[in-house]
Amino acid sequence: MGFDNDFPDSLDLRGRVLPLDRPLVMGIINLTPDSFYDGGRLPTPEAARDRALRLAEEGAHLLDLGAVSTRPGSTPPTQDDELRRLLPSLAAVRKVVNLPLSIDTFRAEVARAAADLGADCLNDVTGLRDSGELAEIAAGADLGLVLMHMRGTPETMQRDTRYRDLVGEVKAFLGGAVGRARAAGVARERILIDPGLGFGKSAEGNLLLLRRLGDFSSLGQPVLVGASRKSFLGVSRGLEVGERLEGSLAAAVAAVLAGAHVLRVHDVRATLRAVELAALIRNAAPEASPAGEASPAGETSPVRS
Ligand code: HH2
């Protein structure tokens, strides 16, 4: 470390360590009846447990459980409803998988209860905007903390998606959020930043953020990106959510090439295969020429198979 754009070598989520030398895939487990893609498909703890086992078997590096839909236009459930949906499923998942478990919540009470049941990370889609309590909880229990940018609330966020300088505004917000998390005592190895694709941005804005992910590297924290199945992926062809796998993979590859560290996705196996190759492309180095043989400057030998 030492330079501004040096990242920690690994994430440490309550002692569960994930090296950052390759792209990490976070599998989504939605416990909501109204999620935009898989809503209503996971009504029971047994179903959540089975999905967790499947995502782990597909190679997920960590899992994200959420009991609040942030679909544009949605209103949040009551805290009691959120707790009722989340806790039995979290307990069931914690029993069978040893992967780091992240909890998609912005409520301190929910975060505390989840930590008591063995959660390792908090995924705050409000990026500590309304309260610093989640950072205090994360600091107190060595939890990871995802800080995401959102304009307004899920109910209002798509009403006005114009910005004077989208990338600059998102970056300034995330820089401030990282500062608040650090001031609360959250270690750098536990903080991720996320530009919040789909949260108060136009389709073009989401595409621009994906292309400009490298701009966030000077904040020095690993970048998480959640593009999976979102509507902006369907813009060029009017594709419905079930038809957005290829777009999701293209976005994941673009994100990795632009510097993303963690991909939050519904389709773990396919994403893992795509981003592993993206990372190989990103890290490809010119082959050294055999000793004694002169090779024209800049030319590499073709790979044969
Ligand atoms: N996207 C969603 C929810 N949580 N968290 C982070 N950090 N980044 C994201 O991009 C993100 C997120 C929305 O997707 P999903 O959970 O599939 O849907 P819903 O909110 O409708 O349950």
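These entries record what I looked up on one helix and on some salt bridges.

I worked from a predicted model, in which local features need pLDDT of at least 70 and side-chain atom pairs count only at pLDDT 80 or more, while totals for chains, interfaces and linings use all residues. Residues are numbered from 1 along each chain as its sequence is written, and side-chain values use heavy atoms, with hydrogens and water left out.

**Helix α2**

I took helices (H or I, at least four residues) and strands (E, at least two) as DSSP runs, numbered from the N terminus. Buried means under 20% relative accessible area, exposed over 50%, and partly exposed in between (1.4 Å probe, protein chains only). Among the buried residues of α2 I noted Glu82, Leu86 and Arg94.

**Salt bridges**

I counted 18 salt bridges, each a side-chain nitrogen of Lys or Arg within 4 Å of a carboxyl oxygen of Asp or Glu. Arg190 and Asp12 pair at 3.3 Å, N to O; Arg190 lies in the loop between α5 and β8 and Asp12 in strand β1, so the pair ties together parts 178 residues apart in sequence. Arg190 is buried at 15%, whereas Asp12 is partly exposed at 22%. I also found Asp12, Asp142 and Arg190 linked in a network of salt bridges.

Next I looked up Arg16 and Asp120, whose closest N and O atoms are 2.9 Å apart in a salt bridge. Asp120 is buried at 1%, while Arg16 is partly exposed at 24%.
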